[in-house]
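Here is a short note for a colleague who has not seen this model before. Please read the points with the structure open.

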Amino acid sequence: MTIALRRRLLAEFTGTALLVTAVVGSGIMATTLSPDDVGLQLLENSVATAFALGALILIFGPVSGAHLNPVVSMADWFLGRRAGTGLTGRDLAGYTTAQILGAIGGSILANLMFDLAAVDFSGKDRAAGHLWLGEIVATTGLILLIFALARSGRAPVAPAAVGAYIGAAYWFTSSTSFANPAVTIGRAFTDTFAGIAPGSVPGFVIAQLVGLALGICLLAALYPDAGKAADQVVVPSGERDPALDHRG
């Protein structure tokens, strides 16, 4: 990475905050506009999330890679270690912290925009084996998609591809595809359509980590040298920070 860490962390914080704002805010709007149709509420929520995610990757990808997700950052660090690419351990710690804080901030922002209490912990229980299985499937597929795109030189299409995948996974997974530990934590801070009870968060996060492990194992089998492309996740950064360029 050639861009200063402080800029990348700001991008990850802001991007994750806006992602959660989109998820929570569109959920609140959906229940307001379609109070008697849960299916329509989910459609409205998923479409807004998919479009927002694609746009956010376009905005923040050139700065930080627009991971906006700890499991993506963890995979980037793990796969890139041997090849000397991707995130360092220090980067990973910073990215994860920025993503979690951003997600919490995004949930609070959405609550405030809709004139709700800034923090109102969700009472929506999502603790069940079939939901955890859904999270494993959603997270495994996300990791496979992102790193397959990078390895095959198609990272520039990630905004559309990742947005489309998450939008679809809202519908084909039982959990509506959180697939993101930071977003999961952030969504515990709102007692609205997109919320998740704090007690349900650990199960979802564990399932997402299992999905991460499965995704890495499948990548090792399908793309043995996927780590060489870790610098291209999610959107390749072609910019060099002048402050880091000491050539005379």
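1. Start at Met74. Setting aside neighbours within four places in sequence, Met74 is in contact with Leu92, Leu209 and Leu212. Contact means heavy atoms within 4.5 Å. Met74 lies in helix α3. Helices are DSSP runs of H or I with at least four residues, numbered from the N terminus.

2. A word on the basis. This is a predicted model, where local features need pLDDT of at least 70 and side-chain atom pairs count only at pLDDT 80 or more, while totals for chains, interfaces and linings use all residues. Residues are numbered from 1 along each chain as its sequence is written, and side-chain values use heavy atoms, with hydrogens and water left out.

3. Buried means under 20%, exposed over 50%, and partly exposed in between (1.4 Å probe, protein chains only). From Met74 to Gly86 the C-alpha distance is 9.9 Å, across twelve residues of sequence.

4. Gly89 belongs to helix α4. Gly89 has a relative accessible area of 42%, so Gly89 is partly exposed. Its C-alpha atom is 7.0 Å from that of Trp77, twelve residues away along the chain.

5. Now look at α3 (residues 70-80) against α5 (residues 129-151). Their axes come within 11 Å and cross at roughly 55 degrees. Axes are lines fitted to C-alpha atoms over the stretch in contact, with angles from 0 to 180 degrees between N-to-C directions. The two helices are therefore oblique to each other. Oblique is what remains once angles under 35 degrees (roughly parallel), over 145 (roughly antiparallel) and 65 to 115 (roughly perpendicular) are taken out.

6. Which residues of α3 and α5 meet? From α3 come Val71, Val72, Ala75, Asp76 and Leu79; from α5 come Thr139, Leu142, Ile143, Ile146 and Phe147. Eight residues of this contact are nonpolar, one is polar and one is charged. Here Ala, Val, Leu, Ile, Met, Phe, Trp, Tyr, Cys and Pro count as nonpolar, Asp, Glu, Lys and Arg as charged, and the others, Gly among them, as polar.

7. The largest nonpolar core has 46 residues. Such a core is a set of buried Ala, Val, Leu, Ile, Met, Phe, Trp, Tyr and Cys residues joined through side-chain atoms within 4.5 Å. Val72, Leu142, Ile143, Ile146, Phe147 and Val162 have the most contacts inside this core. α5 gives the most to this core, with eight residues.
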